[in-house]
Amino acid sequence: MPYPDRFYPVVDSIAWVARLAALGVGTIQLRVKSLSHAEATAMVRAALDAVAGSGAKLVVNDWWRAAIEVGAAHVHLGHEDLAEADVPAIRRAGLTLGLSTHDHMELETALRCDPDYVAFGPIYPTTLKAMRFAPQGLARITEWKKRIGKIPLVAIGGITLERAPGVFAAGADSIAVVSDVTQNADPDARVRAWLGQAAQAA
């Protein structure tokens, strides 16, 4: 399977990680803020236990020290997190590194780190969290993909299942999804639909 998978949900609890892994999701990001190092380490360990045997790849957002300590394989950093991270230490530990970008300056910074994938957004308006950047739109996906070449491009921000075909057509290799799954009335059915859509787009 490619990394990250074309359908890439981002969730905020171990329960969600376990649920998605049981549904056959291939790449799952766990994003939880405001923890102590001890709490983060326990969380990452529990999340790895939750995906054990499922084939799902767990991506740890932000908590790279905990990821190294517990033996995780994948980490994702936002631009602010990257400024404080020890990228050589992450690489020495053998972790893959995904990086968020929102503008040209952030992309240049990210590319200097030789990331395993680049995330870009928000593509559409999102109410999940306050964003410093306006919606980027589909044309910017195409621009970003031309700039990064063979590096996988993950689109994020306000993307629904119905919008996915246009996002893939614009050049995204993967779509990170949050509220379209976690706030759906039937999350399991939505995940299965996403998995089917991603398979068709591959």
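The model is predicted: local features need pLDDT of at least 70, side-chain atom pairs count only at pLDDT 80 or more, and totals for chains, interfaces and linings use all residues. Residues are numbered from 1 along each chain as its sequence is written, and side-chain values use heavy atoms, leaving out hydrogens and water. Helices (H or I, at least four residues) and strands (E, at least two) are DSSP runs, numbered from the N terminus.

**The barrel**
- 8 strands close into a barrel, in the order β1-β2-β3-β4-β5-β6-β7-β8. The pairing is parallel; two strands pair if DSSP finds at least two bridges between them.
- On average, neighbouring strands are turned by 25° against each other, direction ignored.
- Strand β4 (residues 74-77) runs parallel to β5, joined by 4 bridges. H76 stands opposite G98 in β5.

**Helix α6**
- α6 packs on the sheet and touches β5 and β6. Contact means heavy atoms within 4.5 Å.
- The direction of α6 makes about 165° with that of β5. Axes are lines fitted to C-alpha atoms, for helices over the stretch in contact, and angles run from 0 to 180 degrees between N-to-C directions.
- In α6 (residues 104-111), E106, L107 and A110 are buried (under 20% relative accessible area, 1.4 Å probe, protein chains only).
- These three cover an arc of only 100° around the axis, which puts them on the same side of α6. The arc is that of the directions from the helix axis to the C-beta atoms.
- Their cover includes α4 (79-84), β5 (96-101), β6 (117-120) and α7 (138-148).

**Helix α10**
- α10 (residues 187-201) lies across β1 (7-11) and β8 (174-177). α10 runs at about 150° to β1.

Key
Buried means under 20% relative accessible area, exposed over 50%, partly exposed in between (1.4 Å probe, protein chains only).
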